Amino acid sequence: MTDLFMQAAIDEAKKGLAAGGIPIGSVLVIDNKIVSRGHNQRVQQGSAILHAEMHCLEQAGRLSPADYKKATLYSTLSPCDMCSGTALLYGIPNIVVGENKTFQGPEDYIRSRGVKLTILQNAECIQLMEDFIASSPELWYEDIGKE
């Protein structure tokens, strides 16, 4: 069974896909409540940096260091270097990842910095990405900076 927070991230991923974007979603949880949601907006906004986690953190607005220290970032896909770095910069101590089969960010480095990283290998997250990569490989490789 998918927990409510990961389900909210999956819902964000589907929202992004329905809008013509890449199906990756994220939510930020503090004190067992979702404080922000986001999905990959690179296509929709013509952005270089609006991955799901970046969009989610932007949607949260300015938070105090104390808030970040008790936050959990949920993402349907293993965060890339940029998104991982942002989580590290703000001291987010917990990251829950829907899957890392289709893409794996710098997970060993994140763990080495003291972040508790939980990988779920959620079947729906995997299927969303496998289907998207098969149908839009050029867009996917652009998103992760590969040729």
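## Two helices in contact

In this predicted model, E53, M54 and L57 of α3 meet M82, C83 and T86 of α5, where contact means heavy atoms within 4.5 Å and helices are DSSP runs (H or I, at least four residues) numbered from the N terminus, as are strands (E, at least two). Four of the residues in the contact of α3 with α5 are nonpolar, one is polar and one is charged. The two helices pack at an angle of about 35 degrees, and their axes are 8 Å apart; the axes are lines fitted to C-alpha atoms over the stretch in contact, with angles running from 0 to 180 degrees between N-to-C directions.

## The largest nonpolar core

The largest nonpolar core has 16 residues, and L28, L73, I92 and I95 have the most contacts inside it; such a core joins buried Ala, Val, Leu, Ile, Met, Phe, Trp, Tyr and Cys residues through side-chain atoms within 4.5 Å. Two or more residues each are given by β1 (25-30), α3 (52-60), β3 (71-75), α5 (81-89) and β4 (94-97), with the largest share, three residues, coming from α3.

Leaving aside residues up to four places away in sequence, I92 touches L28, L57, Y68, A71, L73, A87 and V115.

## A buried asparagine

N40 sits in the loop between β2 (33-39) and α2 (42-45), and it counts as buried because its relative accessibility is 0%, the cut-off being under 20% relative accessible area with a 1.4 Å probe and protein chains only. A polar atom of the N40 side chain lies 3.1 Å from the backbone nitrogen of R42.

## Basis of the values

Residues are numbered from 1 along each chain as its sequence is written, and side-chain values use heavy atoms, leaving out hydrogens and water. Local features need pLDDT of at least 70 and side-chain atom pairs count only at pLDDT 80 or more, whereas totals for chains, interfaces and linings use all residues.

Methods. Buried means under 20% relative accessible area, exposed over 50%, partly exposed in between (1.4 Å probe, protein chains only). A polar contact is a pair of N or O atoms within 3.5 Å; within protein, one must be able to donate a hydrogen and the other to accept it, and residues adjacent in sequence count only if both atoms are side-chain atoms. Ala, Val, Leu, Ile, Met, Phe, Trp, Tyr, Cys and Pro count as nonpolar, Asp, Glu, Lys and Arg as charged, and the others, Gly among them, as polar.
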